[in-house]
Amino acid sequence: MSASYPSLAPFIFKRPWLHNMMKPLANWYGNAAGYRQLGLRADDLIVEENEDVVKALKRLPEKEAYDRVYRLRRAFQASTTHKLLPKSEWTKPDEDVPYLQPLINQIALEEKERAALDSLTVIKSH
């Protein structure tokens with residue numbers, strides 16, 4: 001299932017030479033975006049106004065949900081004081097893995113399947 005935004009990732013991942021060429025650019029962009037300096041992960045930036053996102057947040061394991069709230073509160077506090085976290089507390093690129101997007105994709109697939117089953121028509125053959 002595709003994400004809620006257009007992505008060139010599948011195209012890039014299919015071509016190792018392009019992936020190797022884009023990896024430094026992706027790391028630079030991730031660092032330049034600034035969310036890692038506040039201790040956030042990319043999935044922490046997903047807007048919670050979407051119904052699928054709210055359902056995905058409810059499905060998060062308790063520890064992951066707690067960690068997410070902690071990261072958001074810490075980032076808000078750092079932003080309010082106009083200070084970045086110490087470099088030792090920044091999110092490292094290998095820690096910045098999707099944890100919410102897979103759940104959102106799963107919920108979207110379930111909704112699609114539910115819609116297909118709800119629109120199913122039964123034809124009697126006799």
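Predicted model: local features only at pLDDT ≥ 70, side-chain atom pairs only at ≥ 80, totals over all residues.
Buried means under 20% relative accessible area, exposed over 50%, and partly exposed in between, with a 1.4 Å probe and protein chains only. Residues are numbered from 1 along each chain as its sequence is written, and side-chain values use heavy atoms, with hydrogens and water left out.

**Exercise 1.** Find the salt-bridge partner of Glu-51, and classify Glu-51 as buried or exposed.

*Solution.* A salt bridge needs a side-chain nitrogen of Lys or Arg within 4 Å of a carboxyl oxygen of Asp or Glu. Next, both residues lie in helix 3, four residues apart, which is about one turn of the helix; helices are DSSP runs of H or I with at least four residues, numbered from the N terminus. Finally, Glu-51 counts as exposed because its relative accessibility is 55%, whereas Lys-55, at 27%, is partly exposed.

**Exercise 2.** Describe the salt bridge between Asp-67 and Lys-63, and classify both residues.

*Solution.* The side chains of Asp-67 and Lys-63 meet at 3.0 Å, N to O. Both residues belong to helix 4 and stand four residues apart. Asp-67 is partly exposed because its relative accessibility is 22%, while Lys-63, at 60%, is exposed.

Conventions
Helix = DSSP H or I, 4+ residues; strand = E, 2+ residues; numbered from the N terminus.
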